[in-house]
Amino acid sequence: MLAEEILVKQSLQGDTLAFEELILPYQNKIYALAYRYMGNEEDAYDMTQEAFLKAFRSLRTFKGDSSFGTWIYRVATNVCLDELRRRKRRIIPLSLDEPLATRDGDSVEKEIADMNPTQDIIIEQEEFAQYIQNLVSQMKPEHKNVIILRDMMQLSYEEIANVLDTSVGTVKSRLSRARNILRKKLNGREHFP
Amino acid sequence: MKCEQIKELLSPYMDQMTDPKENNAIEAHLASCPNCREELKQLKAMAEMMNGLYTPQLPETFAQDLRQRLNDEKISILKPKDLKTPSKAGWIAAAVALVALGAGIFTSSYLPADNIIAYHEKQTEATDKKPSMSVNDILNKIKIWDNDNQDKDDVNVDVANNDNQTKAPGKEPATSASDGKPVEEIPADTTETSPAVKIADIYSTQIKVDSTEQAVEKVIQIAEANQAGYDVNATSSMVQAFSAGSSQMIEMKASADKVDGIIKELESMGMIAAPMHEETVLTDEYAEALKQIQDLNEKIEAAKANNDEEQLKQLNKDLFSWTSRKKVIDQEVGQATIRVYLIEEIKP
């Protein structure tokens, strides 16, 4: 039996120390993931705590048909999306990638809040990170998920499909669509090739 | 292949997720199409930038915090964790409830009673309860609406209930509704305040001012001088509609012995409408909250026994909302609320 499986078994019996050991290798990754979703350290911290607590509570639903790592990514992704959904209800929804129907039936992409509208300003790296974060935060969950998991967390297509409980084909097409939305948004900016 | 088809494939292509046949087609196309070459270059650059984004370090307190919460989790069979560490969402819910609680009094002077009832029912529909006491109490006070509403059965019935219960101060309805279980059995966390007659004092007043901005400053000074908490709000559109100029509402929370002093100081600011004093009796609402909390705790235990995750989630949510209500009432009765509406007068 693998060490991870043993730890899962012990955790299931309420052994919190075993659980701590089980999740240790994933802590930083899940925090990074939560940071990408939430956009700030405080919320990322809370969501990471929440994700591991939820994992502890619902560990018996982990059947071992995917790796524990994949499962914990899934739990964390859902925790973040749930929280974002809860918040979205309180603010005016604005989505980067949901076309806004115009009167004549055409679709245009919504003008999204641009942190730095002057194109000839060379953006520092940190600023760019914020800019990207801002763009990604305004995407629909299905696009946000693949961008974060692939381009920011470097998961493989197959891992992403497992985390999101979907097919590799779907990951492929969503990622292609999401990247192109972002590319168009970045296109024309001074720093962009 | 056309550009359109190729463009679809560029994203998987750069991740080596295309098959050899597709690769041949893509590479042949790229050799002759500068547009698609440019697009691929951009996609690659973008992915590279996103890969290199700054990620903060996980704070060192993390493991310790988590250990604490995991241990709490183990012993929290009777105490759902949401009770102990309310999320931000919960605080906002509490704040919303607080505003809603008080709003009835002010809006009642503009809205027909029907609307108030509808408004209140909307808030409590999840629990299938009739309009509870605070609103009925307000209705009771606003005599002008009485004639219009004599034919509304449930209103009258509830007002009657209200009378019965408020006539016995200090005597909390120990058994509530049909289940007949004593309220005292609620887990320790939720019973720190013994239920009694709960009355919230709310004073509201209007001041006509030359400039709301300056007046806000002044009111804040008064609040601070009296150790009162304050919150500056834009007034509701309803108030705006009734005043030509701009207006602003400041809500203060002050200890009861400071109220007179604060109102005197406010009087020195300008034309002040006689302060209205309302007492909102929240006894029933409080009892209702206690009862709901108890019921929900029982249901949560049952759901935990049945491993019903979905049910548990919903119950915890409900529990949290009722706990928030209870907290709001606790806060309301602990302090007097003073609402100052500043109305800017338009100079001709």
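In which sense do β3(B) and strand β6 (residues 336-344) of chain B pair, and over how many bridges? The two strands pair in the antiparallel sense, over 8 bridges, where pairing requires that DSSP finds at least two bridges between two strands.

This is a predicted model, in which local features need pLDDT of at least 70, side-chain atom pairs count only at pLDDT 80 or more, and totals for chains, interfaces and linings use all residues. Residues are numbered from 1 along each chain as its sequence is written, while chains are lettered from A and ligands numbered from 1 in the order in which they are written.

**Confidence**

The model scores ipTM 0.80 and pTM 0.47. Chain B averages a pLDDT of 68, and 57% of its residues score at least 70; pLDDT is the predictor's confidence in each residue, from 0 to 100.

| Stretch of chain B | pLDDT | Contacts beyond four places in sequence |
|---|---|---|
| residues 104-195 | under 50 | 107 contacts |
| residues 236-244 | under 50 | 8 contacts |

**Chain B and its strands**

The secondary structure of chain B comes to 15 helices and 6 strands, with helices (H or I, at least four residues) and strands (E, at least two) taken as DSSP runs numbered from the N terminus. Of the 348 residues of chain B, 31% count as buried; a residue is buried if 20 or more other C-beta atoms lie within 10 Å of its own, exposed if 12 or fewer, and partly exposed in between, with C-beta atoms placed from the backbone. Among contacts in chain B between residues at least 6 apart in sequence, 77% join residues at least 24 apart.

Strand β6(B) is largely enclosed by the rest of the structure, because 8 of its 9 residues are buried. Strand β1 (residues 199-209) of chain B runs parallel to β6(B) and is joined to it by 8 bridges; here B:Tyr203 has B:Ile338 as its bridge partner in β6(B).

Helix α2(B) lies largely in the open, because the number of its 13 residues that are buried is 1. At 1.5 Å times one less than its number of residues, α2(B) should span 18 Å, and its end C-alpha atoms, 19 Å apart, agree with this.

**Nonpolar cores**

In soluble globular proteins, nonpolar side chains tend to be buried together. A nonpolar core is here a set of buried Ala, Val, Leu, Ile, Met, Phe, Trp, Tyr and Cys residues joined through C-beta atoms within 7 Å. The largest such core has 62 residues, of which A:Ala34, A:Ala51, A:Ile72, A:Ala76 and A:Ile160 touch the most other members. Helix α5 (residues 68-88) of chain A gives the largest share of this core, 8 residues. Leaving aside neighbours within four places in sequence, A:Ala76 is in contact with A:Ile30, A:Leu33, A:Ala34 and A:Ala51. A second, separate core of 39 residues includes B:Ile222, B:Ile250, B:Ala287 and B:Ile329.

**Where the chains touch**

The contact takes 36 residues from chain A and 32 residues from chain B. On the side of chain B that touches chain A, the elements that give two or more residues are α1, α3 (34-51) and α4 (62-74) of chain B, and α4(B) gives the most, with 10 residues. By class, this side of chain B has 18 nonpolar, 5 polar and 9 charged residues, where Ala, Val, Leu, Ile, Met, Phe, Trp, Tyr, Cys and Pro count as nonpolar, Asp, Glu, Lys and Arg as charged, and the others, Gly among them, as polar.

**Positive phi in two loops**

A:Asp165, in the loop between α8 (157-164) and α9 (168-186) of chain A, has a phi near 55°, a positive value in a residue other than glycine. A:Asp165 is exposed, with 9 other C-beta atoms within 10 Å. B:Gln16, in the loop between α1 (3-14) and α2 (20-32) of chain B, likewise has a positive phi, near 55°, and B:Gln16 counts as exposed, with 8 C-beta neighbours inside 10 Å.

Methods. Two residues are in contact if their C-beta atoms, placed from the backbone, lie within 7 Å.
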